[in-house]
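Look at the fold below before reading on.

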Amino acid sequence: TGEIERCLKKVTEGVEQFEDIWQKVYNATNTNQKEKYEADLKKEIKKLQRLRDQIKTWMASSEIKDKRILMDNRKLIETQMERFKVVERETKTKAYSKEGLGGAQKVDPAQKEKEDITVWLANSIAALNIHVDQFESELESLTIGVKKKKNDNQDRVDELKSLLARHRYHILQLETLMRMLDNGTVEVCKIKKIKEDVEYYIESCQDPDFEENEFLYDDLDLRDMADFLTKSTTGTGLEHPTDNCIMDTVSNANDEAPGTDNTPASTNSSSPVPSPGLTNHSRSS
């Protein structure tokens, strides 16, 4: 409907504004500037939260059948909420505060490493989801015109279906690893071993000479890629397989508004969370 379209347009504009202010926070040259931008950032996240509340209402409505775009925008907002909580955490541990001065001695290296890899998992999932949105949009437009230009479009349609299935497979695996990490059933060092290959996939999966490591997750006892792809490529490519959604990595963690103390473990790191999709991943030779 027109109301939903207007809301989603506001989400896009709000996320762009949030990104702009977020960059200013980390580029600020003095404390006064930084505090001003942090206040602006909080105002922007509050606006996005109100839009998220409206989206959640629509998602609960039985009148709206296709809720994919609503879910995608909700997750996009929740990603910014995660990033805002990182800024809040840093504000509370300023270098000259009591907590900040003692912070270096208090930080458990193992916990810090776990937090860093959790942030990396979340960012990788977000980057893959952005690609999925792009692929689905292109596939939908091609599918509409496929009857008229079947020969011209079919190769790209098949390629997009394959990319969607593979992306969903990686999202499933990374979401599973995030849950296992939170439960203490996987070691950080094992996840770090796949980091380079995952980043290479995200950055280069559409390159003509790209070669995927199909045994990427073998040491982690996760689902086999061939089995997943066999079941995922039997439909139109637009479906969201139910077994692809093992967990909602963001929504449950973000039901608390910014400013509360219920900050997820993944955001306790003092390192800023990069904007998903903006990180330039590359594979070292």
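Buried means under 20% relative accessible area, exposed means over 50%, and partly exposed lies in between, with a 1.4 Å probe and protein chains only. By that cut-off, Ile171 is buried, because its relative accessibility is 4%.

The model is predicted: local features need pLDDT of at least 70, side-chain atom pairs count only at pLDDT 80 or more, and totals for chains, interfaces and linings use all residues. Residues are numbered from 1 along each chain as its sequence is written, and side-chain values use heavy atoms, leaving out hydrogens and water.

Start with the whole protein. It has 8 helices and 0 strands. Helices (H or I, at least four residues) and strands (E, at least two) are DSSP runs, numbered from the N terminus. The order of elements from the N terminus is α-α-α-α-α-α-α-α. Of the 285 residues, 42% are buried. Contact means heavy atoms within 4.5 Å. Among contacts with a separation of 6 or more, 78% join residues 24 or more positions apart.

Now take a helix pair. Two packed helices are described by the angle between their axes and the distance between the axes. Axes are lines fitted to C-alpha atoms, for helices over the stretch in contact, and angles run from 0 to 180 degrees between N-to-C directions. Helix 1 (residues 2–27) packs on helix 3 (residues 68–92) at about 25 degrees, with the axes 11 Å apart. The two are therefore roughly parallel, a label for angles under 35 degrees. On the helix 1 side, the contact includes Phe18, Trp22 and Tyr26; on the helix 3 side, it includes Leu76, Phe84 and Val87. By class, this contact has 15 nonpolar, 2 polar and 3 charged residues. Ala, Val, Leu, Ile, Met, Phe, Trp, Tyr, Cys and Pro count as nonpolar, Asp, Glu, Lys and Arg as charged, and the others, Gly among them, as polar.

Helix 2 comes next. Its buried residues include Tyr37, Leu41, Leu48, Ile55 and Trp58. What covers the buried residues of helix 2 includes helix 1 and helix 3.

Finally, return to Ile171. Where does Ile171 lie? Its place is in helix 6 (residues 150–183). Not counting residues up to four places away in sequence, Ile171 touches Ile125, Leu128, Asn129 and Val132. The C-alpha atoms of Ile171 and Ser124 are separated by 8.3 Å, and these residues are 47 residues apart along the chain.

Terms used: Parallel < 35°, antiparallel > 145°, perpendicular 65-115°, else oblique.
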